[in-house]
Amino acid sequence: MNQKLVVEIQHLNHYFGGGDLKKQVLFDINLEISAGEIIIMMGPSGSGKTTLLTLIGGLRSIQEGSLKVFDRELYGASLDQLVQIRRQIGYIFQSHNLLKFLTAWQNVQTSLELHKDIPDEKLHSQAEAMLKAVGLEHRVNYYPENLSGGQKQKVAIARALVGHPKLVLADEPTAALDSKSGRDVVELMQHLAQEQGCSILVVTHDNRILDIADRTIYMEDGRLAPEAKFVKNNT
Ligand SMILES: Nc1ncnc2c1ncn2[C@@H]1O[C@H](COP(=O)(O)OP(=O)(O)OP(=O)(O)O)[C@@H](O)[C@H]1O
């Protein structure tokens with residue numbers, strides 16, 4: 001298989017704190033994510049999953065090792081370069097992080113406004129089309145407080161995918177949802193990702209959604225399990 005790599009990590013270490021309190025939380029992480037691949041990352045609480053996700057997302061500085069996203073090295077990258085990378089990534093978090101004073105389409109549109117190449121008159125229609133794609137065409141003018149948990153998470157998915165990112169990072173996207181809404185949300189992510197050809201890395205404790213992944217990797221005590229690269233769910 002000679003697919004293009006979206007993420008390439010070699011010998012990555014990460015520490016929190018300094019001096020006597022310095023604590024290593026990631027140890028010699030090596031990981032590759034190919035274009036279009038859906039990977040689930042599991043592991044006990046505190047094992048380092050979110051830390052790795054935020055490093056891949058350009059939300060923290062790389063301290064040691066190499067981490068390339070879209071072939072660009074993030075080690076030593078400037079803030080401007082990190083911001084450029086972040087614009088090409090869609091983020092979905094457990095608590096959806098919608099802005100409560102904006103309607104569903106305004107929330108989705110905020111993400112498009114970062115793309116300077118999209119003319120203003122198209123922002124509204126693209127945001128609305130994306131809300132339709134997640135089945136919320138009848139909720140475009142609703143504020144988050146009037147949406148259910150599953151609907152809010154779908155707005156967050158629409159916001160993450162509307163700019164057609166090549167990579168989506170999702171941290172516990174189903175944690176706040178009942179099992180039916182959780183299933184709907186991951187199937188929607190899977191479907192839209194396949195349509196748009198983007199890669200997805202999902203951190204989850206929810207083993208009901210494992211079947212959507214091409215590969216499941218395990219983090220324990222800051223290390224990825226050695227077999228991580230070779231576990232395939234579907235062949
Ligand atoms: N900002 C921080 N400052 C200091 N220590 C931190 C910080 N963020 C995380 N840690 C520590 O780093 C370790 C890894 O945390 P991380 O949140 O990455 O784990 P996790 O696997 O995502 O856990 P969970 O499943 O509970 O979200 C933990 O020991 C945590 O206490």
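This is a predicted model: local features need pLDDT of at least 70, side-chain atom pairs count only at pLDDT 80 or more; totals for chains, interfaces and linings use all residues.
How many nonpolar, polar and charged residues does the shell around the ligand have?

**View 1. The shell around the ligand.** The ligand is surrounded by F16, G17, V25, G43, S45, G46, S47, G48, K49, T50 and T51. By class, two of these residues are nonpolar, eight are polar and one is charged. Helix 1, which covers residues 49-56, contributes three residues to the shell, the most of any element.

**View 2. The crossing of helix 3 and helix 4.** Helix 3 runs over residues 104-112 and helix 4 over residues 120-133. Their axes come within 9 Å and cross at roughly 115°. The crossing is right-handed. On the side of helix 3, the contact is made by A104, W105, V108, Q109 and L112. Helix 4 brings L123, H124, Q126, A127, E128, M130 and L131 to the contact. Sorted by class, the contact of the two helices has eight nonpolar, three polar and one charged residues.

**View 3. The protein as a whole.** Six helices and 10 strands form the secondary structure of the protein. The radius of gyration is 18 Å, close to the 18 Å that the globule rule gives for 235 residues, so the protein is as compact as a globular protein of that length. Along its principal axes, the C-alpha trace spans about 50 × 40 × 40 Å.

**View 4. Burial and contacts in the protein.** Of the 235 residues in the protein, 37% are buried. Among contacts between residues at least 6 apart in sequence, 67% join residues at least 24 apart.

Definitions and conventions
Residues are numbered from 1 along each chain as its sequence is written. A residue is near a molecule or strand if its C-beta atom, placed from the backbone, lies within 6 Å of it. Helices (H or I, at least four residues) and strands (E, at least two) are DSSP runs, numbered from the N terminus. Ala, Val, Leu, Ile, Met, Phe, Trp, Tyr, Cys and Pro count as nonpolar, Asp, Glu, Lys and Arg as charged, and the others, Gly among them, as polar. Axes are lines fitted to C-alpha atoms, for helices over the stretch in contact, and angles run from 0 to 180 degrees between N-to-C directions. A crossing is left-handed if the near helix is turned anticlockwise from the far one by less than a right angle, and right-handed if clockwise. Two residues are in contact if their C-beta atoms, placed from the backbone, lie within 7 Å. The radius of gyration is taken over C-alpha atoms; the globule rule is 2.2 Å times the number of residues to the power 0.38. A residue is buried if 20 or more other C-beta atoms lie within 10 Å of its own, exposed if 12 or fewer, and partly exposed in between; C-beta atoms are placed from the backbone.
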